Amino acid sequence: KFKHSGRLGKELGASQSPNRTLLESLQYRTQKQNYEAGQHKFFEENMRQKLPESSNHLMESMHLRRFAERQYKAETAAQRAAAEAAEAALQERDTRRSTLQGKLGSARAGKSQQLARDAAVHAALVKRKEDLEKEELRVELALAEAARRRRGEQQQHASLDVTRGIDAFEINMKRLLKGDGAEEGLTPATTHTPLEHQAKLRAMATSTQKLLEDSAGYMAGVRAQRADDVTTKREREARRRRLVVDQAAAAAEAERKAEAE
């Protein structure tokens, strides 16, 4: 409770607890008390002129003082809490930033490692492809060289057969054109008729069966070469298809490993 012994307190209804000093001031009025009463009166009049018309304004302000102090303390606490919250937010931001930087660095390192692994896998696949192409080219060159040599041998054998046939034909002609005890030379054409000459030529010519028998080996060689060419072509196509399948499988395996990592 507010203690006030002046007239303002009496008019405003301020309560005070009774004590000895109050009783003595009521019984014995001195000059000092009159002076103090005049000062209180002057103060009250000035306060009345400056304060609003409401007579309860002073008591209200006095009553609300503790709430004002509480408000001041609350505002101070709020400002302190806001400063602490701002500092905590800054710390959290710095922590999050450092965490994100670490994650970004690790992601960057992982990406670089992944690119290095992909480059290594690609280089291995390219080298394997080049090796397979070299091997295929070597096989094709070997097959072509073998076919060329086989054709050369066949041509050589054919030329030898032709040469031997010509030699045999000339020997037979010489034997047929020789007479009994006559000198070696050509028989005059006037001694034979055209029909006899034709019959003699037919007799000198090799039979069809003999020609077929002689050419059977050559035709067998041609058929074998054709079969070899077809087989070689099939093997080459099979190797190419196998190469494509292996490359696709290797690429799929590399992608699977990359996704797993």
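What percentage of the 261 residues in the protein do buried residues make up? Buried residues (under 20% relative accessible area, 1.4 Å probe, protein chains only) make up 5%.

This is a predicted model, in which local features need pLDDT of at least 70, side-chain atom pairs count only at pLDDT 80 or more, and totals for chains, interfaces and linings use all residues. Residues are numbered from 1 along each chain as its sequence is written, and side-chain values use heavy atoms, without hydrogens and water.

**View 1. Seven helices and zero strands form the element list of the protein.** The order from the N terminus is α-α-α-α-α-α-α. Helices are DSSP runs (H or I, at least four residues); strands are E runs of at least two.

**View 2. Contacts and surface of the protein.** Take the contacts (heavy atoms within 4.5 Å) with a separation of 6 or more: 70% join residues 24 or more positions apart. The accessible surface (Shrake-Rupley method, 1.4 Å probe) is about 22300 Å². Carbon and sulfur atoms hold 56% of that surface.

**View 3. The second largest pocket holds about 420 Å³ of space.** A pocket is an open set of points on a 1 Å grid where a 1.4 Å probe fits, with protein on both sides within 12 Å along at least five of seven lines. Its volume is the space filled by probe spheres set on the points, joined across faces, edges and corners. Lining residues have an atom within 4 Å of a point. There are 15 here, and H157, A158, D161, V162 and D214 lie closest to the centre.

**View 4. α5 (65–177) and α7 (208–260) each supply at least two lining residues of the second largest pocket.** α5 gives the most, with eight.

Conventions
Buried < 20%, exposed > 50% of the residue type's maximum accessible area, 1.4 Å probe, protein only.
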